[in-house]
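Good morning, and thank you for coming.

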Amino acid sequence: MKNLWILTWYTLREAMARKVFISFFIISILVLLVMGLIFGLSNNISLGVSGATHFENPIINVEMMIVSPLASLCLLLAIFSSSSFVPVMLEKGNIDLLLSKPVSRDQLLWAKFLGGILVVLLNISFLIFGIWLIISIKFSFWDFYFLNIIFSITFTFAVLYSLIVLLGVMTKSSTLGMMLAYFIFIILSPLLFLVEDKFNAFIKNKFLKDLIDAFYYFIPKTHELMGKVTVNLASGKAIDNYQPVLTSLVFLILTMGIAISIFRKKDF
Amino acid sequence: MNAIAIETTGLTKVYSSSFGKKKVEALFDLNLSIPEGTIFGFLGPNGAGKTTLVKLLLGIIFPTSGSAKILGGGINDYRVKSKIGYLPENHKYPAYLTGGEVLKFFGKLSGLDGIILDKKIDEMLELVQMTKWKKSKVKTYSKGMMQRLGLAQAMLNDPELIYLDEPTDGVDPIGRKEIRDILIDLKNKRKTIFLNSHLLSEVELITDSVGILNKGMLLREGTVKELTEKKEEYKISMEGNIENLPADVKRDANFINTGCGYYSFKVADTQDLNRILDLLRNNGIIIKEMVQQKNTLEEMFISLINEAESTANASQKESVK
């Protein structure tokens, strides 16, 4: 357990040493400054609706309008900045040293996985907490549910990151994992959701229908996690369908299981 | 009798290409036994399988067949590594860390912590003469400095067994001497050192025994003395005129004048040696000095590798026929 913590901490340090994470923070600070400036200059914005329930409050819509594109941008940046953690660890001269220490291979891989998640959690928390603070001060509306976005983005990242870890172990390269994660997030997951949600009824061929279903349930549902699930969590509503969360969690467990199993037997 | 630090039985490693079409036998049926408290030199040309063996012993790669034990434990038990130090060839440290931080990281992974670790870091940096570079980022280090830091890292946890892969690579002659002294000091502290090196003259100076590997096969193993002795050749200094010896004696011994009053001669065995000595004495020659001729480790290594290559080529030609 101690080794796991040491390795996770040093993954965090590795991230701090990279310019891309500083860029992440700079972008976050710029976003917060711009927001603060806009809200500071517009004195007459009043969105509070007296008598409205929490869910109907237009401030939540403002929050979501600001956060939705930012959350996607955060995720894209997070994937880019963390995709090389595993390949760098597996570089010749580095992995030899790590494996010569009394550390199990499982600990090494879990530490890279947890370290990556911790880094993203910190980055996302900084941005989301900043946005929340500005909006809350401006409108005197302290919507704590909004902070749930931190966990939904981090979870979505963890699911995609497990795939990056698996491909990193298999190919010792960051490119393939990063490209596949982007492909799932930007194209495949929204497309499968669209087909499943809108066009499934029109598909008559049973084999094709089953194939699309299988794909839909197997591929992580990042579109729904970042969309419906995040909106529900942020506005304090209950999640009406846990299927996207659970199937994505199964995907994460499966890919990490395969990654560990390969890593345990791999020659370096 | 010393306990055994490293023991391998029929250790074999075959690398396969991605689709298993091409196989490379990196190590074949290696049986090795290295006692504790000794320095063992592992020699061989590039690609002989030296690093493969070290990686197998550290669980960095897995054997195709055979088994090995280190310090009485299995090679797949990662806990035994708390008693091991390792300096790999072309090691890579996180560039954003300072020398001191690198040692702290690896020290913590080896189970050290707190004041004990801090004290040990200072002690090791002092030993490899890197104290003044403790707070400098490793990305600013030269190759020689990286080797010194690597050596400090390998010794940090006070290991019982140390694997060193080309430890003097990139180090200047003075630094090499310092590293040699450190290794001798470690040996005096009853540490076992497994040394992979191309610098045969250095290996010759400090090792107790050596193994010579070529194309994954162990060609010879023994002490430096055993391996460098030319068993049948002697150098002799005599008083008296050798030219006066009977022709049959001169022909028998085949004396070669090596200058400064010394002659070299070859014999078949110890009995033959005594026969020639008796002949000399009977002919009035007084023997002042006699020493058995020796190869340098380098000469022996080159001749052994050439011999192995010629045998392999001959058998290849034979199989083509």
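What is the mean pLDDT of chain A, and what percentage of its residues reach 70 or more? This is a predicted model, and the mean pLDDT of chain A is 86, with 94% of its residues at 70 or more.

Let us turn to the largest pocket. Its space comes to about 320 Å³. Nineteen residues line this pocket, and the closest to its centre are Glu14(A), Val88(A), Asn94(A), Pro94(B) and Tyr96(B). Two helices of chain A, H1 (2-17) and H4 (85-89), each supply at least two residues of the lining. Which element gives the most to this lining? The answer is H1(A), with five residues. By class, the pocket lining has twelve nonpolar, five charged and two polar residues.

I now move to the cavities. There are three of 30 Å³ or more, and the largest cavity has a volume of about 70 Å³. Among the residues that line the largest cavity are Pro167(B), Ile179(B), Arg180(B), Leu195(B), Glu202(B) and Ile206(B). Which helices of chain B each supply at least two residues of this lining? They are helix H5 (173-188) and helix H6 (200-206). By class, the lining of the largest cavity has seven nonpolar, two polar and two charged residues.

That concludes the presentation. Thank you for your attention.

Methods
Residues numbered from 1 in each chain as written. Chains lettered and ligands numbered in written order. Predicted model: local features only at pLDDT ≥ 70, side-chain atom pairs only at ≥ 80, totals over all residues. Heavy atoms only, no water. 1 Å grid on protein atoms, 1.4 Å probe; cavity = no way out; pocket = protein on both sides within 12 Å on 5 of 7 lines; lining within 4 Å. Points joined across faces, edges and corners; volume = space filled by probe spheres on them. Helix = DSSP H or I, 4+ residues; strand = E, 2+ residues; numbered from the N terminus. Nonpolar A, V, L, I, M, F, W, Y, C, P; charged D, E, K, R; others polar. pLDDT = per-residue confidence, 0-100.
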